[in-house]
Amino acid sequence: MNQSTENVMLLTAFVLDVLREVENLESSTDTTPLKKMTDNYDLSNPYEMIPMQLYNDMCAWVEQQLGEEAIIKVGFAIGETVYPSLIDNGIIQEENEPLDIMEGLIIAASSMVQDPEERGWEIIKDTNESLHLRRTQTFNGKLQFGLLKGLIQKSNAKEVNVSYLKQISQGDEFDEYLVTWENE
């Protein structure tokens with residue numbers, strides 16, 4: 001996978017989500033270093049673009065300092081930001097199938113993330129109770145567990161589970177995820 005973040009930008013809203021969610025976590029860890037990462041950036045407008053590298057550095061810090069569970073919770077919170085945006089922008093409707101939501105996320109990623117390489121997500125395979133997804137953008141791999149679970153739970157799906165099929169950290173070219181659920 002191309003890991004470059006050169007000229008890649010994303011909405012400030014996602015950086016704000018990381019900061020807000022970390023504040024909500026019960027932790028004895030000093031989060032001052034995380035907050036200092038944003039000192040040179042104007043965070044006043046959530047719709048302005050900010051470097052992807054800042055976001056990635058913040059996510060890495062959360063995962064390393066606060067743990068895997070914390071970064072997954074951050075991902076879930078980001079899903080809470082993305083989902084209403086998908087509806088508000090007419091990308092999806094309120095009544096959705098999991099595939100509809102994922103197709104909407106792919107569309108939205110192209111506007112929420114500006115990447116000259118046009119990386120994001122790919123749907124490898126879909127069934128009535130699963131999605132096989134490939135992450136082609138440099139987003140934190142563990143954060144995606146929370147994002148995907150949170151988004152798919154907004155559909156008619158129950159008992160949503162997310163697992164790796166392939167992992168960059170295990171030598172694979174891409175992270176690939178299997179999202180499974182039970183239908184109502």
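**Salt bridges and surface charges in a predicted model**

Let's start with a contact between two side chains: K154 and E80 meet in a salt bridge, with N and O 3.2 Å apart. This pair ties together distant parts of the chain, since K154 sits in the loop between α6 (143-152) and β6 (157-166), while E80 belongs to helix α4, 74 residues away. K154 is partly exposed at 30% relative accessibility, and E80 is also partly exposed, at 37%. Keep in mind as you look around that this is a predicted model.

E69 is exposed, with a relative accessible area of 57%, whereas K73 is partly exposed at 38%.

Now move to the strands. E176 forms a salt bridge with R134, and their closest N and O atoms are 2.8 Å apart. This pair, too, links distant parts of the chain: E176 lies in strand β7 (residues 175-183) and R134 in strand β5 (residues 130-135), 42 residues apart. Is E176 buried or exposed? With a relative accessible area of 3%, E176 falls under the 20% cut-off and therefore counts as buried. E176 and R134 also belong to a network of salt bridges that includes E122. In total, the structure holds 8 salt bridges.

D88, E94, E95 and E184 form a negative surface patch.

The 15 residues of α5 should span 21 Å at 1.5 Å a residue, and the C-alpha atoms at its ends are 20 Å apart, which agrees. Which residues of α5 are buried? They are P98, I101, M102, G104, L105, A108, A109 and M112.

One last stop is S44, in the loop between α2 (32-36) and β2 (49-51). S44 counts as exposed, at 59% relative accessibility. Its C-alpha atom is separated by 8.5 Å from that of T12, although S44 and T12 are 32 residues apart along the chain.

Methods:
Residues are numbered from 1 along each chain as its sequence is written. This is a predicted model: local features need pLDDT of at least 70, side-chain atom pairs count only at pLDDT 80 or more; totals for chains, interfaces and linings use all residues. Side-chain values use heavy atoms; hydrogens and water are left out. Patches are made of residues with over 30% relative accessible area and no salt bridge: like charges are joined within 9 Å, nonpolar side chains (Val, Leu, Ile, Met, Phe, Trp, Tyr) within 5 Å. Accessible areas come from the Shrake-Rupley method with a 1.4 Å probe; for residues, only the protein chains shown count as cover. A salt bridge is a side-chain nitrogen of Lys or Arg within 4 Å of a carboxyl oxygen of Asp or Glu. Lys and Arg count as positive and Asp and Glu as negative; His and the chain ends are not counted. The place of a charge is taken as NZ of Lys, CZ of Arg, CG of Asp or CD of Glu. Helices (H or I, at least four residues) and strands (E, at least two) are DSSP runs, numbered from the N terminus. The expected span of a helix is 1.5 Å times one less than its number of residues. Buried means under 20% relative accessible area, exposed over 50%, partly exposed in between (1.4 Å probe, protein chains only).
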